[in-house]
Amino acid sequence: MKSNVKLGSRECEVLECIAWGASQKETASFLGIAPRTVDNTVRKIKLKTGMQKAAELSAYWFCTHFDISFDLSPLIRMRLATVMLVFFLFTGIDFKSDPIYTRCNRRARIEIRVLARTREIDISNS
């Protein structure tokens, strides 16, 4: 892994999206560029950094973005990874009351039940 690599602005944008877990298609639609451009940019980033996997690129972005040393001992890396995992798990939980999606029978039909109050309106022809 090469730690002192200079990336261009587009490469930094693509790397950030990949680091946060977006696929290449999602990255392309988010940045408004072609999927082939994202593929080429990711290939260039991998060549510059000497990495092969998206998980490695994600770790590289987080380490460079948050000034985390690449030379941590395995014990410190494990503790840091555990703390970050707990942090992301608790910040990613949404406690809002969203609609409930249920499957009916064995068909691919999905029912949506909204847990909101509705008023009944009586329309009479008077």
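**Reading aromatic pairs and a buried threonine**

Q: Which residues does T27 touch, leaving aside those up to four places away in sequence?

A: In this predicted model, T27 touches V14, C17, I18, A22 and V38, when residues up to four places away in sequence are not counted. T27 itself belongs to helix 2.

Q: Is T27 buried or exposed?

A: A residue counts as buried when its relative accessible area is under 20%, and because T27 has 0% relative accessibility, T27 is classed as buried.

Q: How is a pair of aromatic rings described?

A: The general idea is to give two values, the distance of the centres and the angle of the planes. This structure holds five aromatic pairs. In one of them, the ring centres of W20 and F62 are 5.1 Å apart and the planes stand at 75°, so this pair is edge-to-face, given that angles over 60 degrees are read that way.

Q: Which parts of the chain does the pair of W20 and F62 link?

A: The pair links distant parts of the chain, since W20 sits in the loop between helix 1 (9–19) and helix 2 (24–31), while F62 sits in helix 4 (residues 54–65), 42 residues apart.

Q: What kind of pair do W61 and F62 form?

A: The rings of W61 and F62 have centres 5.0 Å apart and planes at 80°, so they too are edge-to-face. F62 is buried, with a relative accessible area of 11%, and W61 is buried as well, with a value of 8%.

Q: Which residues form one aromatic cluster?

A: The cluster is formed by W20, W61, F62 and F66.

Notes. Residues are numbered from 1 along each chain as its sequence is written. This is a predicted model: local features need pLDDT of at least 70, side-chain atom pairs count only at pLDDT 80 or more; totals for chains, interfaces and linings use all residues. Side-chain values use heavy atoms; hydrogens and water are left out. Rings of Phe, Tyr and Trp (its six-membered ring) pair if their centres lie within 6.5 Å; planes under 30 degrees apart count as stacked, over 60 as edge-to-face and the rest as tilted. Helices (H or I, at least four residues) and strands (E, at least two) are DSSP runs, numbered from the N terminus. Buried means under 20% relative accessible area, exposed over 50%, partly exposed in between (1.4 Å probe, protein chains only). Contact means heavy atoms within 4.5 Å.
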